[in-house]
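Thanks for asking me to look this one over. Here are my notes, arranged so that you can follow them with the structure open beside you.

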Amino acid sequence: MAGMKRMCGWTLALLWGAATAAPTGQDPDARAADLVSKMTMEEKIRTVFGYFGTDTQSVARPAQSIPYSAGFVHGVPRLGLPDQHQTDAGTGVATQRSPNPRERTALPSGLAVAATWNPRLAYEGGAMIGREARQSGYNVLLAGGVNLLREPRNGRNFEYAGEDPWLAGVMVGEAVRGIQSNHIVSTIKHFAMNDQETGRFGIDARIGNTAARMSDLLAFQLAIERGEPGAIMCAYNRVNGAYACENDYLLNQVLKRDWGYPGFVMSDWGATHSTVEAAAAGLDQESGWPFDKSPYFNGALREAVENGHLPQARLDDMVRRIVRSFAAQGVLDNPVPPAGEISDVPANEKASQAAAEEAIVLLKNEGHLLPLALSADRIAIIGGHADKGVLSGGGSSQVYPRGGLAVPNEGPAAFPGPMVYFPSSPLDELRKLGGASLRYDDGRDVTSAARLAAQSDVAIVFATQWTAESQDVPTLSLPGRQDELIAAVAAANPRTVVVLETGGPVSMPWLAKVPAVLEAWYPGTQGGAAIARVLSGAVNPSGHLPATFPSTESQLPRPVLDVAEQEDRRSTVNYEIEGAAVGYKWFQLKGLQPLFAFGHGLSYTQFEYDKPQVQWQGDRLFVRLTVRNTGQRAGAAVAQLYASPNAGGWEAPQRLVAWSKLMLKPGEQGSTVVEVDPRLLAVFEEKGWQILSGEYTLAVGGASDAPVASTSVQLGARMLSPQGH
Ligand code: BGC
């Protein structure tokens, strides 16, 4: 993949840059060409045709597949091409609904990992789940969700990495690099514009090509360059009329031609709609065929090639791309053994907890209520099943924890249920940390919860929002009576802390009455410990929001979700309203005041930022960021660099162009040099990236709405290729 690997130094420039990924053996292109030349027609067809790894009512899984797995594709054993064993997904090794699921380590949600702003943790988390996947017998992980958070009610936001292309691209790219360091293939998905679940099987996302290239497609481009995934999963929805899995513009023109992507495109499960049209448009492998109307890439594909409706060269290219990825990731040389024991579970759990601890965002901390003095206080713990565990997001990515479900029989009985609480109880973990008297109330009876709060020195309310694949949330409000519960507890005890376990942004009508709020997302299998350690101050919070928290839905580009009817294949969603101005860009463009801005996140210490210092190397723009810890505790600052053209001309006033996370002792000053990717300073035009000449402001700060120091830089006009060269 050397051709697409960007050689400029921004990979090196991030302070937390991770170790290099897997070696790839001998030239994968030559190897793939050789193998394909030896294959029979029948072998080629079986390589591009995917099964479901779980029985459906009408189709049994292939005998060789792993029970309750997501996918299976036959290999060509005589040529050393292994069977493909495919599993979800982004937070760990999932199991399709099963009476006896595999129990594995789950990372915090993808959105939570993005909130760490720490690419090293994304890499290490990816390496951990890739290790468990390999030890579970899988050689393909259906991970790498990088759809932009354009719709805060999207039920799958927890699988993705937020609203900013640079943040999402870097974090997901690193996770995928980590996964593939185990000599397995990862996907990046769902390509593209699959930004809501409502109507997902056919909704037509409308957006101009240039706006798409500067938003969702840019996130994919950056993640693909960095992660070099063996496969791209195309999405269910349509994009500008054509299904994403038979979309010539997306697959042939953007991905394969403009970005030079050498791997293969697999469909989402049920996202293939034709044989010749899909193959000609760039789809290389049909996945989980029982979900499609027909086995399009089986006999029908063979017939299409033999009758001349699809060139033999195209079928050979499909197969070559698949074989190439298995060669490039070292799967051919290091075949995955049959499922065995998971080794070193404690190390895996440590990787999950490390991510959870850095993911938690301290949204508000008036009067320094946090960290808590656990030695003295009578603390009320209320709601959210905090006595039992922490919540996770639902759907195909569901990981089942060791120890079983902490709270059985919650949520829908059928997909995307069950609602899974991991058995990591914040209450128990707080008990381990200190001598405070902790009392629990399940929060179901608002009056009794308020009474307990009134009798306590501090009240901590755990509020949850379950989100899941296949369904968006109707509103940003916390479900049930939780807003009422929080308001009542805060009225009974002004020293109230709210801990949120949510899929994404939620509204907080009670915010003015509550002095401290932590956003813990879905914090993974060690989430209870991570939350307890942040509450107690054993960990100084350093997470920052990867997405804007709106004040109300009326601030959104689409105050009401465009489609009410889930299966309406004729419907459209109009992303031209905001175009590339996604998230904070929309809010700044429209002068809207969010509840919490993108990039926001407090600490138990304070930081001061120096003016950014520009350092040119030829036409490469580097910036030195310097931060001081002026408080009494060690902590990590996320120095965020935002650029804006003084003359305007972008989709929105400013863009995140770089960041650095610096761990600093009290009084310590740290500094790092980051490189700004030139595409982040450009606008996309039909032929590539155009940097407009003029003066630009570079502002640094700890949030998108809080620039504290700035400098200006003069840029000359420059045209770059679609790859950014
Ligand atoms: C999801 C994919 C997943 C696949 C296999 C689909 O429903 O959209 O993300 O990888 O199922 O389980």
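1. A word on the source before anything else: this is a predicted model. Everything below should be read with that in mind.

2. Let's begin with the overall layout. The protein is divided into domain 1, spanning 352-539, and domain 2, spanning 605-720. Between the C-alpha centres of domain 1 and domain 2 there are 34 Å.

3. Next, please look at helix H5 (residues 119-135) and helix H13 (residues 345-359), whose axes are 9 Å apart and which pack at an angle of about 150 degrees. Angles over 145 degrees count as roughly antiparallel, and H5 and H13 are therefore roughly antiparallel to each other. The crossing in which H5 passes H13 is left-handed. On the H5 side the contact is made by Leu121, Met128, Arg131 and Glu132, while H13 brings in Asn348, Ala351, Ser352, Ala354, Ala355 and Glu358. Sorted by class, the contact of H5 with H13 has five nonpolar, two polar and three charged residues.

4. The pair formed by helix H6 (residues 165-180) and helix H8 (residues 216-227) is worth a look too: the axes come within 7 Å and cross at roughly 30 degrees. Since angles under 35 degrees count as roughly parallel, H6 is roughly parallel to H8. H6 and H8 cross in a right-handed sense. From H6, the contact takes in Pro165, Trp166, Gly169, Val170, Val172, Gly173, Glu174, Val176, Arg177 and Gln180; from H8, Leu218, Ala219, Leu222, Ala223, Arg226 and Gly227. The contact of H6 with H8 divides into nine nonpolar, four polar and three charged residues.

5. Helix H15 (residues 446-454) packs with helix H16 (residues 482-492) at an angle of about 30 degrees, and their axes are 8 Å apart. That angle makes H15 roughly parallel to H16. H15 passes H16 in a right-handed crossing. Val446, Ala449, Ala450, Ala453 and Ala454 are the H15 residues in the contact, facing Glu484, Leu485, Ala488, Val489 and Ala492 of H16. What classes of residue make up the contact of H15 with H16? There are nine nonpolar, no polar and one charged.

6. How many disulfides does a search of the whole structure find? The search finds one, and that disulfide joins Cys234 to Cys245, with an S to S distance of 2.1 Å. The link of Cys234 and Cys245 is right-handed, with 110 degrees about the S-S bond. Cys234 belongs to strand S6 (residues 231-234), and Cys245 sits in the loop between strand S8 (242-243) and helix H9 (248-258), so the pair ties together parts that are 11 residues apart in sequence.

7. On to the backbone, where I would point you to two cis peptide bonds in turn. Phe191 and Ala192 are joined by a cis peptide bond, with omega about 0 degrees. Ala192 is in the loop between strand S4 (185-191) and strand S5 (204-206). A cis peptide bond also runs from Phe415 to Pro416, where omega is near 5 degrees. Pro416 has its place in the loop between strand S12 (390-391) and strand S13 (421-422). As background, most peptide bonds are trans.

8. Where is Tyr68 found? Tyr68 is in the loop between helix H3 (41-47) and strand S1 (71-73). Phi of Tyr68 is near 60 degrees, which is a positive value in a residue other than glycine. For context, most residues other than glycine have a negative phi.

Terms used: Residues are numbered from 1 along each chain as its sequence is written. This is a predicted model: local features need pLDDT of at least 70, side-chain atom pairs count only at pLDDT 80 or more; totals for chains, interfaces and linings use all residues. Side-chain values use heavy atoms; hydrogens and water are left out. Domain bounds come from an automatic or database domain assignment. Axes are lines fitted to C-alpha atoms, for helices over the stretch in contact, and angles run from 0 to 180 degrees between N-to-C directions. Helices (H or I, at least four residues) and strands (E, at least two) are DSSP runs, numbered from the N terminus. Angles under 35 degrees count as roughly parallel, over 145 as roughly antiparallel, 65 to 115 as roughly perpendicular and the rest as oblique. A crossing is left-handed if the near helix is turned anticlockwise from the far one by less than a right angle, and right-handed if clockwise. Contact means heavy atoms within 4.5 Å. Ala, Val, Leu, Ile, Met, Phe, Trp, Tyr, Cys and Pro count as nonpolar, Asp, Glu, Lys and Arg as charged, and the others, Gly among them, as polar. A disulfide is a pair of cysteine sulfur atoms within 2.5 Å.
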